[in-house]
Amino acid sequence: MPYGDVYGAWRSLGRFYNEGKIKALGVSNFLGVSNFMPDRITDFCLHNVIKPSINQIELHPFYQKHHTQKLNADLGVKVTSWASFAEGQNGIFHNEILKSIGEKYSKTPAQVVLRWLTQRGIPVIPKTMRKERMRENINIFDFSLDSNDMAKIATLEQNTSYFFMPNNAQHTEWIIKGKKIINGRVLD
């Protein structure tokens, strides 16, 4: 997470990288409440010899982050998706746009989301414990979304986090107190 002595921790990990004990380094979120936003990843890349190979960020049809993806690419950092299904928020699995696109290809809304991410060049690791969902999640390479589908998904953009806004003083205070925030609600 981009708080505390992140530079010192990164330099320590860099020693393992330089010794060949690890093959890649990346940055990510912390308990789903913060991540390396554009200002943090830029600063991080400008002030470290070893740059992150990946930046895992909240990214889903309701928070699409095209500019963030481009900025990371310009820095040589690959973006990967965290909360690809918005943690089930906002009725993502029943969304009419995603359902109609899925029906066109005989796919589920979840498969449409995974295909959308894949076509944007974004690695995704969907969380599931159920084998049937694992099979469903991998079954996205036999179709492609056309430009009309991509344009429809673009209309879902809300440009806001479903979990945490780092410039919100109350959210930052919740991090300090070890609380988790989802959709602006504090969870104990």
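1. Basis. The model is predicted, so local features need pLDDT of at least 70 and side-chain atom pairs count only at pLDDT 80 or more, while totals for chains, interfaces and linings use all residues. Residues are numbered from 1 along each chain as its sequence is written, and side-chain values use heavy atoms, with hydrogens and water left out. Helices (H or I, at least four residues) and strands (E, at least two) are DSSP runs, numbered from the N terminus.

2. Sheet. Three strands make an open sheet in the order β1-β2-β3, with parallel pairing. The edges are held by β1 (26-27) and β3 (78-82); each has a single partner strand, so one side of each is without a neighbour in the sheet. Strands count as paired if DSSP finds at least two bridges between them. Strand β2 (residues 54-58) is joined to β3 by five bridges. Within this region, E58 is opposite W82 of β3.

3. Helices α2 and α3. The axes of α2 (residues 38-46) and α3 (residues 66-74) come within 10 Å and cross at roughly 0 degrees. The two helices are therefore roughly parallel to each other. Axes are lines fitted to C-alpha atoms, for helices over the stretch in contact, and angles run from 0 to 180 degrees between N-to-C directions. Angles under 35 degrees count as roughly parallel, over 145 as roughly antiparallel, 65 to 115 as roughly perpendicular and the rest as oblique. On the α2 side the contact (heavy atoms within 4.5 Å) involves P38, I41 and T42, which meet T68, L71 and N72 of α3. These contact residues comprise three nonpolar, three polar and no charged. Here Ala, Val, Leu, Ile, Met, Phe, Trp, Tyr, Cys and Pro are nonpolar, Asp, Glu, Lys and Arg are charged, and the others, Gly among them, are polar.

4. Helices α4 and α5. For this pair the axes come within 8 Å and cross at roughly 90 degrees, and the helices are therefore roughly perpendicular to each other. From α4 the contact takes L98, K99, I101 and G102; from α5 it takes P109, V112 and V113. Five of the residues in the contact of α4 with α5 are nonpolar, one is polar and one is charged.

5. The structure holds nine salt bridges, each a side-chain nitrogen of Lys or Arg within 4 Å of a carboxyl oxygen of Asp or Glu. One of them pairs K99 with E96 (3.7 Å, N to O). The two residues are three apart in helix α4 (residues 96-105), which means a separation of about one helical turn. E96 is exposed at 56% relative accessibility, and K99 is partly exposed at 29%. Buried means under 20% relative accessible area, exposed over 50%, and partly exposed in between (1.4 Å probe, protein chains only).

6. D146 and K104. The closest N and O atoms of this salt bridge are 2.7 Å apart. D146 is in the loop between α6 (131-138) and α7 (147-154) and K104 is in helix α4, so the pair ties together parts 42 residues apart in sequence. D146 is partly exposed at 29% relative accessibility, as is K104 at 46%. K104, D146 and D149 are linked in a network of salt bridges.

7. D142 and K107. In this salt bridge the closest N and O atoms are 2.9 Å apart. D142 sits in the loop between α6 and α7, and K107 in the loop between α4 and α5 (109-119), so parts 35 residues apart in sequence are tied together. D142 is exposed, with a relative accessible area of 54%, whereas K107 is buried, at 12%.
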